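Dear colleague,

Please find the structure below, together with its sequence. The notes that follow describe what was found in it.

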Amino acid sequence: MASIKDVAKEAGVAVATVSRVMNNRGYISKETRKKVEKAMDALDYHPNQIARALQKNQSFFIGIIVPDSNHPFFSDLIKYVEMSTNEKNYKLLICNSLDDPEKEANYISMLRQNQVDGIIMCSHTMNIESYKKVPFPIVSFDRFISSNIPCVGSDNYRGGELATEHLIQLGCKRLLHISGPLDLDILANRRRDAFVITSMKHGVTYDIIEGAHNKLTFDYFWSFVTENISPAQLREYDGVFCSNDIVAYALYIYAEQQGIRVPEQLKIIGYDYHSFTRMLQSPKLTTIMQPSDRIGVMLTNTLLQMIESADGELINNTTVDVTLIKGETT
């Protein structure tokens, strides 16, 4: 069985260089990294993860808890987190809370028992004090929990502002916002705040319909739209800003079924621009893109920085820019 010394000899580098490549530590040129990786492949060398974990007193596993991995945004986010963790020689454990506080608490307990090095928390069904008691690093997506738990998210306020201004600039006079649940202090609700303030600033009439907790399937959004917005009510609006792209698409289908032409009579804009949205060809949704690739990388880098920081330095919150994507629904 090949050893790390054999890899170093094959690659023509020092043992310490091979170690830095495996642990992704320090500066390594692309040429040197390729030589080491080629040598590892040639010798079929696989680092002893158990020995590595014992040596560093780490498991090299991290957990991610999401509301529902079936939702395209969280599916995309998980992919980019996994790619990023893999590059740093960590493994990812994926947990679905499905909007169940007890299930979320049980997952945190399970991850603790399996000695993960940290958690990326994308589900927020529990109270803030529960997260503060977790005895290892946490980074939160889209929710401020405490000064000791950094948060990564998109610029939700700017996203709501861009969406509302876009509808107003196109001549909309009466707006509707279909929001997510508003009882939690999550950053996604800043979209609602921006919608209200921008509408008031321009003197535009507006209404808000609040969605339910983390119900993320198309079937739910279809039922929600058809049960909460009558055809007569929908005809009162000329612009709708939806909290996500799936509800925006459900609303588009519903409007078309009622003989309401989009975008001539009703303009619709969503939020996310995930894989589902990019797949749609008719219509191409107008939406606000929050970049799941950059968010995934920032979540991973922030958590690993906390895990590997020897002096316990304070990690800052991170806000990622959003972009208006013009489609065929406005």
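**The nonpolar cores**

The largest nonpolar core has 28 residues, and those with the most contacts inside it are Ile-178, Leu-234, Cys-242, Leu-251, Leu-266 and Ile-268. Two or more residues of this core are given by each of β6 (174-179), α10 (218-228), β8 (239-242) and α12 (245-257). Helix α12 supplies the largest share, 9 residues. Please keep in mind that the model is predicted.

Apart from neighbours within four places in sequence, Leu-234 is in contact with Ile-229, Leu-251, Tyr-254, Ala-255, Ile-260 and Leu-266. There is also a second, separate core of 22 residues, which includes Tyr-90, Ile-120, Leu-304 and Ile-307. As general background, nonpolar side chains in soluble globular proteins tend to be buried together.

**A strand covered on both faces**

The bridge partner of Ile-120 in β4 is Val-139. Strand β3 (residues 118-121) pairs with β4 in the parallel sense, over 3 bridges. Strand β5 (residues 151-154) also runs parallel to β4 and is joined to it by 2 bridges; here Phe-141 stands opposite Val-152 in β5.

**Salt bridges**

The count of salt bridges comes to 8. One of them joins the side chains of Glu-161 and Arg-158, at 2.7 Å from N to O. Both residues lie in helix α8 (residues 156-169), where they are 3 residues apart, or about one turn of the helix. Arg-158 counts as partly exposed because its value is 32%.

The side chains of Glu-165 and Lys-201 meet in another salt bridge, at 4.0 Å from N to O. This pair links distant parts of the chain, since Glu-165 is in helix α8 and Lys-201 is in helix α9 (residues 190-201), 36 residues apart. Glu-165, at 18% relative accessibility, counts as buried, whereas Lys-201, at 56%, counts as exposed.

Arg-190 forms a salt bridge with Asp-193, their closest N and O atoms being 2.7 Å apart. Because these two residues are 3 residues apart in helix α9, about one helical turn separates them. Arg-190 is partly exposed, with a relative accessible area of 24%. Salt bridges that share partners join Arg-158, Glu-161, Glu-165 and Lys-201 into one network.

**A buried threonine**

Finally, may I draw your attention to Thr-277, which is placed in helix α13 (residues 275-279). Thr-277 has a relative accessible area of 3% and is therefore buried. Leaving aside neighbours within four places in sequence, the residues in contact with Thr-277 are Asp-245, Leu-285 and Thr-287. The C-alpha atoms of Thr-277 and Met-289 are separated by 9.9 Å, and these residues are 12 residues apart along the chain.

With kind regards

How values were computed
Residues are numbered from 1 along each chain as its sequence is written. This is a predicted model: local features need pLDDT of at least 70, side-chain atom pairs count only at pLDDT 80 or more; totals for chains, interfaces and linings use all residues. Side-chain values use heavy atoms; hydrogens and water are left out. A nonpolar core is a set of buried Ala, Val, Leu, Ile, Met, Phe, Trp, Tyr and Cys residues joined through side-chain atoms within 4.5 Å. Buried means under 20% relative accessible area, exposed over 50%, partly exposed in between (1.4 Å probe, protein chains only). Helices (H or I, at least four residues) and strands (E, at least two) are DSSP runs, numbered from the N terminus. Contact means heavy atoms within 4.5 Å. Two strands pair if DSSP finds at least two bridges between them.
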